[in-house]
Amino acid sequence: MNINFQNAKFEKSAVSKEQYPKSDMLEFAFAGRSNVGKSSMINKVLNRKSLARVSGTPGKTITINFYNIDDKIYMVDLPGYGYAKRSKEEVAKWGSMMEDYLANREQLVQTILLVDSRHTPTAQDVQMAEWIRHYHDRLIVIATKMDKLKKREIEERLEDIANTLELTEEDVLVPFSTADDEGRGTVIDMLEMMRLGVIMPYEEE
Ligand SMILES: Nc1nc2c(ncn2[C@@H]2O[C@H](COP(=O)(O)OP(=O)(O)O)[C@@H](O)[C@H]2O)c(=O)[nH]1
Ligand SMILES: [Mg+2]
């Protein structure tokens with residue numbers, strides 16, 4: 001049975017592992033800088049205007065948000081990084097929350113990294129990519145805000161992202177935009193396939 005992405009609900013926010021959902025449903029997590037477009041991407045995939053909060057105050061809350069998709073998978077919105085106004089204590093808290101989740105969450109199938117298609121990935125993006133490789137062996141990257149690129153920039157920008165994150169043949173880079181349907185079907189197909197344990201990489205048709 002396919003996942004019905006229309007049947008999605010916010011389940012809970014967690015700040016510590018005691019608060020994670022007790023279910024053993026498979027999970028797919030999304031990581032990236034504050035403001036990269038994580039919440040917007042989740043809303044777009046789910047065809048919802050504002051299930052995931054699109055933040056006016058980026059990086060303010062450090063929570064892990066669990067979205068229950070059709071009682072089949074969780075999409076997990078991880079707290080963003082790179083928010084300049086965060087205190088040292090908040091950065092440390094972010095790090096321990098992320099590590100707790102990534103290192104110990106058994107039903108976590110894959111963490112997916114979001115980067116802004118307009119910019120060269122930052123040092124923190126590169127570090128996040130290394131973290132993801134460490135825990136999952138493969139890297140899936142979504143390049144957000146593709147609608148903001150000019151046609152002639154697209155190839156160069158995607159190449160720059162692939163080079164900076166040292167993507168290999170096994171990795172996947174998905175161009176995504178909330179302005180149209182770019183990338184939406186690919187993300188859905190990837191989640192479906194990973195849930196069923198189909199071997200990646202995803203082949204574009
Ligand atoms: N033009 C455009 N804007 C986007 C896109 N995705 C996100 N944004 C905007 O980027 C800002 C940050 O998005 P948000 O989803 O809150 O990022 P998050 O902090 O990673 O969850 C918001 O103003 C969004 O409307 C996109 O694909 N295209
Ligand atoms: Mg967000």
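**Figure 1. Helix H1 and the residue that follows it.** Helices (H or I, at least four residues) and strands (E, at least two) are DSSP runs, numbered from the N terminus. The model is predicted: local features need pLDDT of at least 70, side-chain atom pairs count only at pLDDT 80 or more, and totals for chains, interfaces and linings use all residues. Residues are numbered from 1 along each chain as its sequence is written, with chains lettered from A and ligands numbered from 1 in the order in which they are written. Nine of the nine residues of H1 are buried, so the helix is largely enclosed by the rest of the structure. A residue is buried if 20 or more other C-beta atoms lie within 10 Å of its own, exposed if 12 or fewer, and partly exposed in between, with C-beta atoms placed from the backbone. The buried residues of H1 include Lys 38, Ser 39, Ser 40 and Met 41.

**Figure 2. The shell around ligand 1.** Ligand 1 is surrounded by 19 residues, and the closest are Gly 37, Lys 38, Ser 39, Ser 40 and Thr 178. A residue is near a molecule or strand if its C-beta atom, placed from the backbone, lies within 6 Å of it. Helix H1 (residues 38-46) supplies three residues, the largest share of this shell. By class, the shell holds four nonpolar, 11 polar and four charged residues. Ala, Val, Leu, Ile, Met, Phe, Trp, Tyr, Cys and Pro count as nonpolar, Asp, Glu, Lys and Arg as charged, and the others, Gly among them, as polar.

**Figure 3. Strand S2 and its two partners.** Of the seven residues of S2, six are buried, and the strand is mostly covered. S2 and S4 run parallel and are joined by five bridges; two strands pair if DSSP finds at least two bridges between them. Glu 27 stands opposite Tyr 74 in S4. S2 also pairs with S5 in the parallel sense, over six bridges. Ile 112 in S5 is the bridge partner of Phe 30.

**Figure 4. Strand S6, enclosed on both faces.** Five of the five residues of strand S6 (residues 140-144) are buried, so S6 is largely enclosed by the rest of the structure. Ile 140, Ile 142 and Thr 144 are buried on one side, and Val 141 and Ala 143 are buried on the other. S6 runs parallel to S5, and five bridges join them. Leu 113 stands opposite Val 141 in S6. Lys 145 lies in the loop between S6 and helix H4 (154-164). Lys 145 has a positive phi of about 60° although it is not a glycine. With 22 other C-beta atoms within 10 Å, Lys 145 is buried.

**Figure 5. Helix H3, with a buried face.** The 14 residues of helix H3 (residues 123-136) should span 20 Å at 1.5 Å a residue, and the end C-alpha atoms are 20 Å apart, which agrees. The expected span is 1.5 Å times one less than the number of residues. Asp 125, Met 128, Ala 129 and Ile 132 of H3 are buried. Seen down the axis of H3, the buried residues fall within an arc of 105°, so they line one face of the helix; the arc is that of the directions from the helix axis to the C-beta atoms. Ala 123, Gln 124, Gln 127 and His 134 are exposed on the other side of H3. The cover over the buried residues of H3 includes strand S2 (26-32) and strand S5 (108-116). Just after H3, Asp 137 has a positive phi of about 70°.

**Figure 6. Tyr 135 in helix H3.** Tyr 135 lies in helix H3 and is partly exposed, with 15 other C-beta atoms within 10 Å. Leaving aside neighbours within four places in sequence, Tyr 135 is in contact with Leu 102, Ala 103 and Thr 111. Two residues are in contact if their C-beta atoms, placed from the backbone, lie within 7 Å. The C-alpha atoms of Tyr 135 and Lys 9 are separated by 27 Å.

Figure 7. Ile 64 is found in strand S3 and counts as buried, with 22 C-beta neighbours inside 10 Å. Not counting residues up to four places away in sequence, Ile 64 touches Ser 13, Ala 14, Val 76, Leu 78, Pro 79, Met 97 and Tyr 101. Asp 71 sits in the loop between strand S3 (64-69) and strand S4 (73-77). Asp 71 is exposed, with 12 other C-beta atoms within 10 Å, and has a positive phi of about 55° although it is not a glycine.
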